[in-house]
Amino acid sequence: SEPWPPAAGPGQPSPQQRAETLGFYESDRGRKKKRSLSDLSLLRFISAELTRGYFLEHNEAKYTERRERVYTCMRIPKELEKLMFFGIFLCLDAFLYVFTLLPLRVFLAMFRFITLPCYGLSDRRLLQPAQVCDILKGVILVICYFMMHYVDYSMMYHLIRGQSVIKLYIIYNMLEVADRLFSSFGQDILDALYWTATEPKERKRAHIGVIPHFFMAVLYVFLHAILIMVQATTLNVAFNSHNKSLLTIMMSNNFVEIKGSVFKKFEKNNLFQMSNSDIKERFTNYVLLLIVCLRNMEQFSWNPDHLWVLFPDVCMVVASEIAVDIVKHAFITKFNDITADVYSEYRASLAFDLVSSRQKNAYTDYSDSVSRRMGFIPLPLAVLLIRVVTSSIKVQGVLAYVCVVLFYCGLISLKVLNSIVLLGKSCQYVKEAKMEEKLFNPVLTATPGKPAGKQQSTFKSTQGISTGENGSTSVTNQPVHQENSPSLLVTSNSDQFLTTPDGEEKDISQDSSELKHRSAKKDLLEIDRFTICGNRID
C-alpha cells in the first residue's frame, strides 16, 4: 500500500508546503473581503445614496394623472363660482318674480274673472291653469303676511338672546336641519295644491279636495316663514354679541360640513345635488344677512356709520361660506376623479330648465322649476322679507308713496333685465352643450293602457310649435292648452343629460317598456325635485 498523502515528486512542493501556501492565500483573501465589506457598508452606501438616479417616465401615466389632479383643484374655484353665480341669479329671478310680476299676473287673472260674464262662457275653463296657480300663490302670500303680524319679532329676539352660547349653537343647527326638511316637503304640498285646483273635472276624483290642500299650503308657508325668522333672529343675536363667540362658533359649523361630505363617495349626479343645495343655501344666507342689516339699521335710526360696523361681520360670513364650498368641492372632485368640466354640464342643465319653461309646451312655471331643482321655495322667504321691510320702514306722506312706486318700478326693471340676460346666457349654454334638439323632442312616457307610439304621434299633431320666418322655434311664447295632455308625461331632458351613463347613451332611444326594467341604482340617480335631505324618487 502507498503512503498517504502520496510523496511529492521531484521538483514538486510537498503536501505540507501546499497546505501552508493555501492557508496564506485564504487568509489574504479574507482580509481583502473584510476590507471590501467595510467599504460597502459605509462609503459605498453613502456614495450610492448621493448618486442614485431614477426615471419618472417609467411611470408616466401615474404622474400625468397626479398633475391633472392638481390642475383640476386649481380650476375648481373658477368653475364652481361660475356655476354659483349663474345659480344665484336664477334664484334671484324666481325671488323677484314674487314681488314684481306675480301681483300683476294676479291682477290680470282677477280682471279676467270679473269681466268674464261680459264675454260669455265660450271656454270650458273660467281661468287658465296658470292663472289659477297665480291666484293661489297671491292669496297664500297675503294670508301668511297678515298671520305674521301676530308673531312678535322683538320678544323672539330677547328670548333667544337670553340663552347660553352652546344652547344657541344647538338651536341654529336644528334650524338648519328643519329648514331642509321643510324645503323637501313644502314644494310637494304646493304642487299638490296646484294640480288639485287645475285637474280636469271630467276625471274621477282621487283627492281630498282643494280647500284642505289650500289650508295645508297656508300652514306650511306660515311655519316655514317662522322658521326662517328664528334663523335670522339667531344670526342677529350673533352679530350683536359683545365677544363675537357665537358668530365664530356658527362660522366654524360650516367647516364641520367638510368633514361630513369630503370623505364620502360621490358620483356626478350626487355632486349636482350638492351643488344645487349649496346655491340655495348661499342665496338664503344672503337674504338672511339683508334682514339682519335691516333690523340693526332700524335700531340705530338708519345711521350710515353703523353699516360699516356690520360690514366686517357680513364679509366674514360670506367669505367663510365661499371658502368652505371651494374646499369641499375641490376635495370631492379629487377623491372621486371628477373633472372640473362637470360644472359646465351642471350649468347647462340649469339653463335647460330655464329655456324649456319658456316653450309653448311648457308644463311648469319657471319659479316652480327652480324650486324643484334646488329646493328653493321663494314664498316663505318673501313673506318674511315683506314683514321685516314693512315693520322697519315707515311710509308717511305723499313723497314716501312716490318713492315706493319708483322703487317698485325699479324692481320690475331689474327683474326684466335679469330675465333677459339669463335667457340669453341659458340659450348660449344649451347651444354649447349641444342640447338644442332635446328642447323640441321631449321624452314621453306611456301612461297605463296606452302605447308610447300612439301618444308620440298624438303629441306631434297637437304640439303646435310656432316657428318664425327663419324656421327656428320660439322659446318665449305662451303655453297652449292641449286636449290630450293628461295622457302625456313630459320629463325634463336635463335629468337624462346628467343621469345617463356615458357608455349607455344609446339606451335613451329605447321604448318606455325597456326603461321600466332599469336597475334600482339608475332610478336613484333621478334628481328631479332635489333637496339635500330628501330626494323625490319616482
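**From the surface to one helix**

Tutor: The protein has an accessible surface of about 31000 Å², and 63% of that belongs to carbon and sulfur atoms. Such areas come from the Shrake-Rupley method with a 1.4 Å probe; for residues, only the protein chains shown count as cover. This is a predicted model: local features need pLDDT of at least 70, side-chain atom pairs count only at pLDDT 80 or more, and totals for chains, interfaces and linings use all residues. Residues are numbered from 1 along each chain as its sequence is written, and side-chain values use heavy atoms, with hydrogens and water left out.

Now the overall build. There are 20 helices and 2 strands. Both are DSSP runs numbered from the N terminus: helices are H or I with at least four residues, strands are E with at least two. Of the 538 residues, 40% are buried. Buried means under 20% relative accessible area, exposed means over 50%, and partly exposed lies in between (1.4 Å probe, protein chains only).

Our part is helix α15, residues 398-432. It has 35 residues. From first C-alpha to last it reaches 51 Å, close to the 51 Å expected at 1.5 Å a residue. That expected span is 1.5 Å times one less than the number of residues.

Which residues of α15 are buried? They are Leu411, Ile412, Lys415, Asn418, Ser419, Leu422, Leu423, Ser426, Tyr429 and Val430. Look at the spacing in that list. An α-helix has 3.6 residues a turn, so residues three or four places apart point the same way.

What covers the buried residues of α15? The cover includes α2 (60-99), α3 (101-114), α12 (342-356) and α16 (436-439). Just after α15, Lys434 takes a positive phi of about 60°.

For contrast, turn to helix α8, residues 210-240. The largest nonpolar core has 106 residues, and α8 gives the most to this core, with 16 residues. A nonpolar core is a set of buried Ala, Val, Leu, Ile, Met, Phe, Trp, Tyr and Cys residues joined through side-chain atoms within 4.5 Å. Ile140 and Phe239 have the most contacts inside it.

Gln231 also lies in α8. Gln231 counts as buried because its relative accessible area is 5%. Beyond residues up to four places away in sequence, Gln231 touches Tyr172, Leu175, Glu176, Asp179 and Leu288. Contact means heavy atoms within 4.5 Å.
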